[in-house]
Amino acid sequence: MSELVTGEAVALELQPARLPSRALAVLLDLAVVLVAYVAVSVALLMATASLDEAARTAVSIATFLLVLVGGPIAVETLSHGRSLGKAACGLRVVRDDGGPIRFRHALVRGALGVVEILLTAGVVACVASLVSARGRRLGDVFAGTLVVRERVPAARVGFVPPPPPWLAGRFSGLDLSAVPEGLWLAVRQYLGRMNQLDPQVGYAMAERLAGDLAERTGAAVPTGVPPAAYLAAVVQERQVREARRTFGGGPVTGQGAAWPVVPSAGSAGPVPGPPVERRGVGADAVVSVERSSGEGPATGFVPPA
């Protein structure tokens, strides 16, 4: 994935299109444009048969510019970067910040496309796309655009487990502003797959992630709290804060089921638990909250003795 940052500082995960899919989309677009160009040229040739040679030459040049150059520019502008070939291949042209393109972007792409694609048979565009880290041709570089994939294979979705009730609301005072998105992603991936891991490996990963998270928040992992349970509780706290920012601080309810109300540590009142985040990375089944015997380190959630 390629991380793009919008003007509102929102990170977007977009997958840039590579050369094979882009080349196929260009070939489809060229086939349509060439058919239209031949049809228009034949019609104009018959209509201007009575004109002199200079007039017919001027009409031919105008037809070339309007159909082969102006046509793709108009289509990309009106479709917001989704021409017929790109639509067939599941691609779209977007700005560098992930927004839809406008006329000026399509104009720059179309003007340089005449040189990159039409006059050089696509050689310049292929070389530029292979050299670019995100597969951009020169038209994309000068226009500030990027061709991305709209249809991405769906990942197998698992569930990030909620923390045990005895940890609900315990980390409401943590400062989470310094935790990077990459670390949140790694924690969610671990929680979604921890029951698929070897217990020793899973416990070591949980300890490492918990240490990284504690270092970023400036607060150590509480004594007696398993690393996996600590990770789930901090992720839940982040979800609660995001939900309150989104919905104006109202009560947070689960998706189709009510959450139990449990007392938080250091608080006299009950704290409702938040909903489980339904984003998953790799697991098919719901991760269970379990740990039976004391053999080996635990990757599940266990209350302290």
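1. **Ser129 and its neighbours.** In this predicted model, Ser129 touches Leu19, Gly135 and Arg136, leaving aside residues up to four places away in sequence. Ser129 belongs to helix 5, which covers residues 123-131. The relative accessibility of Ser129 is 9%, so the residue counts as buried, the cut-off being under 20%.

2. Ala133 is placed in the loop between helix 5 and helix 6 (138-143). Is Ala133 buried or exposed? With 67% relative accessibility, Ala133 counts as exposed. Ala133 and Pro16 are 117 residues apart in sequence, yet their C-alpha atoms are 9.3 Å apart in space.

3. **The protein as a whole.** The protein contains 9 helices and 6 strands. Of its 305 residues, 37% count as buried. Consider also the contacts between residues at least 6 apart in sequence: 69% of them join residues at least 24 apart. The points below give individual cases.

4. **Helix 8 against helix 9.** The crossing in which helix 8 passes helix 9 is left-handed. On the side of helix 8, the contact is made by Tyr203, Ala206, Glu207, Leu209, Ala210, Leu213, Ala214 and Thr217. Helix 9 contributes Pro227, Ala228, Tyr230, Leu231 and Val234.

5. Thr217 is found in helix 8. Its relative accessible area is 10%, and Thr217 is therefore buried. Which residues does Thr217 touch, not counting residues up to four places away in sequence? They are Leu174, Asp175, Leu176, Val179 and Tyr230. Tyr230 is also one of the residues that helix 9 brings to its contact with helix 8.

6. Leu176 is located in the loop between strand 4 and helix 7. Leu176 has a relative accessible area of 10% and is buried. Although Leu176 and Thr217 are 41 residues apart in sequence, they are 5.7 Å apart in space, C-alpha to C-alpha. With residues up to four places away in sequence left out, Leu176 touches Trp184, Thr217, Val234, Glu237, Arg238 and Arg241. Val234, in this list, also belongs to the helix 9 side of the contact with helix 8.

7. **Aromatic pairs.** How many aromatic pairs does a search of the whole structure find? The search finds 2. One is formed by Tyr37 and Phe64, which are edge-to-face, with 6.4 Å from centre to centre and 85 degrees between the planes. Tyr37 lies in helix 1 (residues 19-47) and Phe64 in helix 2 (residues 53-78), so this pair ties together parts that are 27 residues apart in sequence. Tyr37 is partly exposed, at a relative accessible area of 21%. Phe64 is likewise partly exposed, at 27%.

8. **The pair of Phe171 and Tyr230.** The ring centres of Phe171 and Tyr230 are 5.3 Å apart and the planes stand at 85 degrees, so the pair is edge-to-face. Phe171 lies in the loop between strand 4 (145-149) and helix 7 (181-193), whereas Tyr230 lies in helix 9; the pair therefore ties together parts that are 59 residues apart in sequence. Both Phe171 and Tyr230 are buried.

9. **Positive phi angles.** Most residues other than glycine have a negative phi. His80 is not a glycine, yet its phi is positive, at about 55 degrees. His80 lies in the loop between helix 2 and helix 3 (84-89). At 42% relative accessibility, His80 counts as partly exposed. Ala121, also a residue other than glycine, has a positive phi near 55 degrees. Where is Ala121 found? Ala121 is in the loop between helix 4 (103-119) and helix 5. The relative accessible area of Ala121 is 69%, and Ala121 is exposed.

Conventions:
Residues numbered from 1 in each chain as written. Predicted model: local features only at pLDDT ≥ 70, side-chain atom pairs only at ≥ 80, totals over all residues. Heavy atoms only, no water. Left-handed = near helix turned anticlockwise from the far one by under 90°. Helix = DSSP H or I, 4+ residues; strand = E, 2+ residues; numbered from the N terminus. Contact = heavy atoms within 4.5 Å. Phe/Tyr/Trp six-rings, centres within 6.5 Å; stacked < 30°, edge-to-face > 60°. Buried < 20%, exposed > 50% of the residue type's maximum accessible area, 1.4 Å probe, protein only.
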